[in-house]
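Please look over the sequence and the model before reading on.

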Amino acid sequence: MLTEMQLLEPLQTCQDPELGRSFGELKMLAGASLGSGNVLNVTIDLPTPAYPRRARITELVQSKLRQAFPDIATVAVSYISNVRGKMSGGTIGLRAKNVIAVGSGKGGVGKSTIAASLAYGLQTLGCKVGLMDADVYGPSIPHMVGSQGAPSAVKHTTSTGETFERMEPIIADGLKVMSMAYFVKPDQAVIWRGPMLHKAITQFLKDTDWGELDYLIIDLPPGTGDVSLTLSQIVGLAGAIVVCTPQQVALLDAIKAVSMFRQVKIPLLGVVENMTGEIFGRGGARRKAEELGIPFLGELPIDSGIRIRGDDGRISSLFNDDNPSKEPLLHICQQAAIQVAKQLLHAPQMPQLEIL
Ligand code: ADP
């Protein structure tokens with residue numbers, strides 16, 4: 001009778017098709033046993049439930065094991081997943097494995113739409129997700145997700161008897177959301193000075209009862225580096241995603257956004273091209289990403305359905321029914337999750353930031 005270790009041995013050196021490291025190195029081999037009918041059951045532990053195209057792993061595992069054990073009748077592959085992450089918010093009590101910032105060089109390119117869609121998409125794929133609207137100059141997330149009201153403060157008691165308060169995030173279609181818009185009147189402008197901004201962002205991260213999250217998605221304000229700088233000082237971000245539209249003039253702003261993230265030492269997870277189509281063109285962001293040496297996460301075609309659902313506060317419904325944006329968005333979510341996992345392999349430590 002072969003032991004579990006012997007059954008898994010042929011898979012140790014198999015390369016994961018997405019991450020380019022071996023299953024052994026990635027600790028993806030969760031178990032193996034011989035069942036009745038000479039069936040070999042193998043369990044693979046994926047680094048994220050958003051792992052794309054599992055079928056390729058199934059094929060790889062089956063062919064490797066059939067080759068190694070020709071007498072086995074069937075190889076059955078099943079999956080579990082455990083999101084790996086930096087868990088960098090430990091010092092401020094934030095239990096999010098990965099914090100992802102979504103930025104853009106300028107407003108109106110669909111940054112908030114992509115941020116909200118990333119959150120709902122990753123949730124649809126089985127991840128625990130929160131969405132923090134840090135676009136303090138124009139917080140549009142609450143409108144897009146159709147939520148309103150003020151977050152309530154809840155008292156908690158530590159094991160040593162001390163009490164502290166945490167804000168409950170607003171739940172919008174099952175997603176935990178926090179935004180400055182919940183605290184101000186809809187038509188009220190908020191003027192921010194640097195230190196106030198820093199304090200508000202810190203509070204949103206620290207004093208919100210996010211619970212345990214696989215991914216916390218943060219919608220940044222367009223262009224400026226203020227919030228990014230604050231974020232990189234308090235949490236080690238998994239990375240940033242830059243959203244841009246395909247036309248040349250917009251790409252110039254995207255380059256600035258990339259340069260800003262590089263300056264504040266936030267790793268770049270990739271670029272998303274939004275509003276691809278006849279009006280703005282196609283492929284500009286992909287080419288720019290290649291030039292800049294940054295992954296391209298995918299494109300989202302221009303479609304009035306997105307605008308309508310955003311206006312109606314039903315962004316989450318993009319994942320519930322058949323519509324032209326569902327597949328492109330899920331693809332972007334999967335690519336983003338893979339890039340987070342890749343980043344973790346290359347830079348598991350929090351980046352050191354010099355403040356000038
Ligand atoms: P930003 O956060 O960059 O300012 P928003 O996400 O608020 O941009 O999007 C600006 C407008 O464009 C919104 O009305 C939104 O619904 C719309 N929009 C975003 N992406 C698309 C798309 N792919 N197709 C059609 N409309 C879109």
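## The model and its sheet

The structure is a predicted model. Eight strands are arranged in an open sheet, in the order β8-β9-β5-β10-β4-β11-β12-β13. The pairing within this sheet is mixed. In general, the strands of a sheet pair through backbone hydrogen bonds, and they do so either parallel or antiparallel.

The edge strands are β8, covering residues 170-172, and β13, and each of them pairs on one side only. On average, neighbouring strands of the sheet are turned by 25° against each other, direction ignored.

## Strand β12 and its partners

Strand β12 is mostly covered, with 9 of its 9 residues buried. Strand β11, residues 239-244, runs parallel to β12 and is joined to it by 5 bridges. Within this pair, L268 of β12 stands opposite A240. Between the two strands, the chain passes from β11 through helix α7, residues 248-263, to β12. This β-α-β crossover is right-handed.

Strand β13, residues 296-301, also has a parallel arrangement with β12, and 5 bridges join the two. Here V271 has F296 in β13 as its bridge partner. The chain reaches β13 from β12 by way of helix α8, residues 284-292, in a β-α-β crossover that is right-handed.

## Helix α3

How many of the residues of α3 are buried? The count is 14 of 14, and the helix is described as mostly covered.

The length of α3 can be checked against its residue count. At 1.5 Å a residue, its 14 residues should span 20 Å, and the end C-alpha atoms are 20 Å apart, so the two values agree. G126 follows α3 and has a positive phi, near 110°.

## The surroundings of the ligand

A shell of 18 residues surrounds the ligand. Which of these residues are the closest? They are G110, K111, S112, T113 and G310.

Three elements each supply at least two residues of the shell: α3 (111-124), β12 (268-276) and α9 (304-311). Two of these elements have been described above: β12, in which 9 of 9 residues are buried, and α3, in which 14 of 14 residues are buried. By class, the shell contains 6 nonpolar, 9 polar and 3 charged residues.

Technical notes: Residues are numbered from 1 along each chain as its sequence is written. This is a predicted model: local features need pLDDT of at least 70, side-chain atom pairs count only at pLDDT 80 or more; totals for chains, interfaces and linings use all residues. A residue is near a molecule or strand if its C-beta atom, placed from the backbone, lies within 6 Å of it. Helices (H or I, at least four residues) and strands (E, at least two) are DSSP runs, numbered from the N terminus. Ala, Val, Leu, Ile, Met, Phe, Trp, Tyr, Cys and Pro count as nonpolar, Asp, Glu, Lys and Arg as charged, and the others, Gly among them, as polar. A residue is buried if 20 or more other C-beta atoms lie within 10 Å of its own, exposed if 12 or fewer, and partly exposed in between; C-beta atoms are placed from the backbone. Two strands pair if DSSP finds at least two bridges between them. A crossover is right-handed if, with the strands pointing away from the viewer, the path from the first strand over the helix to the second runs clockwise. The expected span of a helix is 1.5 Å times one less than its number of residues. Axes are lines fitted to C-alpha atoms, for helices over the stretch in contact, and angles run from 0 to 180 degrees between N-to-C directions.
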